[in-house]
Each structure stands twice: as structure tokens, then as C-alpha cells.
Amino acid sequence: MDFRELNYVLAIEKYQNITKAAESLYVSQPTLSKFLANLEHDLGQKTF
């Protein structure tokens, strides 16, 4: 996991909302959703 991905995870945790986290990171909501789906797939479990 790189620094950008860690920031994504921390923002999702902080806002508990993908749209608000994406806005705070200046990325699109689909980008963040796709990241989260890939992370959950890699880990083999739900994260949030």
C-alpha cells in the first residue's frame, strides 16, 4: 500500500461516506469506489 492508498483509506474512515471522502481527496467517487472494491478483493473481506 502506498501513501496515496493510505490517504484513501483514512479519508473513507474519517467521513464514513465515499462521496464526501472523494470530495476531500479531489478524486471522483467512482475512482474511490473502485479502489475500495479492489482493496476488499485483495484482502478477501469487507473493510467498511
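Author: A term first: patches are made of residues with over 30% relative accessible area and no salt bridge, and nonpolar side chains are joined within 5 Å. Note also that this is a predicted model.

Reader: Which residues make the nonpolar surface patch, and what is its area?
Author: M1, F3, L6 and L10 make the patch, with an area of about 470 Å².

Reader: What makes L6 partly exposed?
Author: L6, which is found in helix α1 (residues 3–15), has a relative accessible area of 37%. Buried means under 20% and exposed over 50%, with partly exposed in between. The value of 37% lies between those cut-offs, so L6 is partly exposed.

Reader: What is Y15 called on that scale, and why?
Author: Y15 also lies in helix α1. Its relative accessibility is 33%, so Y15 counts as partly exposed.

Reader: How do α2 and α3 cross?
Author: The axes of helix α2 (residues 18–25) and helix α3 (residues 29–43) come within 8 Å and cross at roughly 110°. Angles of 65 to 115 degrees count as roughly perpendicular, and therefore α2 is roughly perpendicular to α3. The crossing of these two helices is right-handed.

Reader: Why is Q16 called exposed?
Author: Exposed means over 50% relative accessible area. Q16 has 56% relative accessibility, so it counts as exposed. Q16 lies in the loop between α1 and α2.

Reader: Where is Y26 found, and is it buried or exposed?
Author: Y26 is found in the loop between α2 and α3. At 77% relative accessibility, Y26 is over the 50% cut-off and so counts as exposed. Y26 is not a glycine either, and it has a positive phi of about 60°.

Reader: What share of the protein is buried, and what does the C-alpha trace span?
Author: Buried residues make up 23% of the 48 residues. The C-alpha trace spans about 25 × 20 × 20 Å along its principal axes.

Terms used:
Residues numbered from 1 in each chain as written. Predicted model: local features only at pLDDT ≥ 70, side-chain atom pairs only at ≥ 80, totals over all residues. Heavy atoms only, no water. Patch = residues over 30% accessible without salt bridge, like charges linked within 9 Å, V, L, I, M, F, W, Y side chains within 5 Å. Areas by Shrake-Rupley, 256 points an atom, 1.4 Å probe, with all protein chains shown as cover. Salt bridge = Lys/Arg side-chain N within 4 Å of Asp/Glu carboxyl O. Helix = DSSP H or I, 4+ residues; strand = E, 2+ residues; numbered from the N terminus. Buried < 20%, exposed > 50% of the residue type's maximum accessible area, 1.4 Å probe, protein only. Axes fitted to C-alpha atoms, helices over the stretch in contact; angles between N-to-C directions. Parallel < 35°, antiparallel > 145°, perpendicular 65-115°, else oblique. Left-handed = near helix turned anticlockwise from the far one by under 90°.
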